[in-house]
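Colleague: Please take one part of this model and describe it closely for a reader who is new to it. I would welcome a single connected account.

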Amino acid sequence: MIFNNNKLKTGLLLLTASLFFITACNKDVQQFPVPTPTPVTGIALGETVKATADDSLYYKLIVRSGLLTTLNNTSNSYTLYVAGNAAMRQFVNIASGGLIPIAAPDAVHANFISTQLPASSAGAIVSYNISPQKLLAASIPTSFPNLQFPSIFNPAPQVSALLRLTNFPSRRANGAWLNAFPLKSTDLLAANGVIHHTAALLTPPSTYLWDRINSAPQFALLKASVQRADADPTAPGALQAALLNIGANLTLFAPDTTAFKNALSFLSGGAIPPTAPNANFIGFINTLPIATVKGIVVYHILGTRAFSVNFPTTSTFVPTLLNGAVPTHPGVALQATFVDVPGFGMVTATATVKGAANPTAANVTTKDDHFLNGVIHTIDQVLLPQ
């Protein structure tokens, strides 16, 4: 074997220099003081719930979930959302199919949670109500849209071990919420985090936006419009893919069938009366330019999740997905009014959304339907961008 002497010498010099440097560093490593851990005081989250009389049923849920050890681990810090006993009785009544009356003794509700509620369901619910950071109420933004904050719940570990569902705390002058539920009290401190009490038990969503659109008769013409938009040869199936994407975070203002029939009847010049069968309107949709239908559909979608409790109280324009193609477009105008429900908290009384070319605002007839990848607000008009 023939060596290149110059390269060999250079290599030896570099090796010698490196060894000298390492030796020197080993002799002169700066010594840093080891910080003394701050001792944790007080009781942990799980024990705090146990010690709170009105949280006794939620404590049973925590035990059933198998997450008590997690919540009592003072090495970590969490935010825990807890529903009081009145909200838990409502939950048990629904979960039991009405077999357990709301007015039944707490011992009956507790027994159902501990023996009849599947442990996997309890685990999903409790983990969705835990965030892996301490979030005090003062740190919840008052701006639009809702804060997107992770939970520790992974609904599809087969997709990714890192997947986590998020929940959406918000705070405005008229109250504080988690998703669409009022926070009845905030900032109950524990040794390893903070507890906020919710007016109702927050349960995780389990289906996608497209599942709802695809199956609900009231959205038959919206479904046909999405399918027409997805016939775009440059992006086939793109809208359906987004509406089925667990990583998406969307708000859909969904016109019901009556709203679509009124709009399409007008667009047809009255050739199709509003009372015509769905098939007539679907046939008409499929004659419209794909780009036109796609523009209308994406005008009904926000690229963020907005529960009605986070809507502004004065009419305010926010961008939609249409703004990706037309950045200067004003978007849609949102507005909500609020009312205080005794014993529950401040809730949305009415909510509206107005298209730039609509003479009047559309009413949100059903609000805050929550899904894995977004929220649906059903509306009584088709929103017109121009």
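Modeller: Threonine 251 has leucine 302, in S10, as its bridge partner. Leucine 252 faces isoleucine 301 of S10. This is a predicted model, in which local features need pLDDT of at least 70 and side-chain atom pairs count only at pLDDT 80 or more, while totals for chains, interfaces and linings use all residues. Residues are numbered from 1 along each chain as its sequence is written, and side-chain values use heavy atoms, leaving out hydrogens and water.

Strands are DSSP runs of E, at least two residues in length, numbered from the N terminus. Strand S9 covers residues 250-255 and is antiparallel to S10, with two bridges between them; two strands pair if DSSP finds at least two bridges between them. With strand S15 (residues 374-379), S9 pairs in the parallel sense through six bridges. There, leucine 250 has glycine 374 of S15 as its bridge partner.

These strands belong to an open, mixed sheet of seven strands, ordered S10-S9-S15-S14-S13-S12-S11. Its edges are S10 (301-302) and S11 (316-318), each of which pairs on one side only.

In a regular strand, side chains alternate between the two faces of the sheet. Leu250, Leu252 and Ala254 point one way from S9, and Thr251, Phe253 and Pro255 the other way.

Conventions:
Helix = DSSP H or I, 4+ residues; strand = E, 2+ residues; numbered from the N terminus. Buried < 20%, exposed > 50% of the residue type's maximum accessible area, 1.4 Å probe, protein only.
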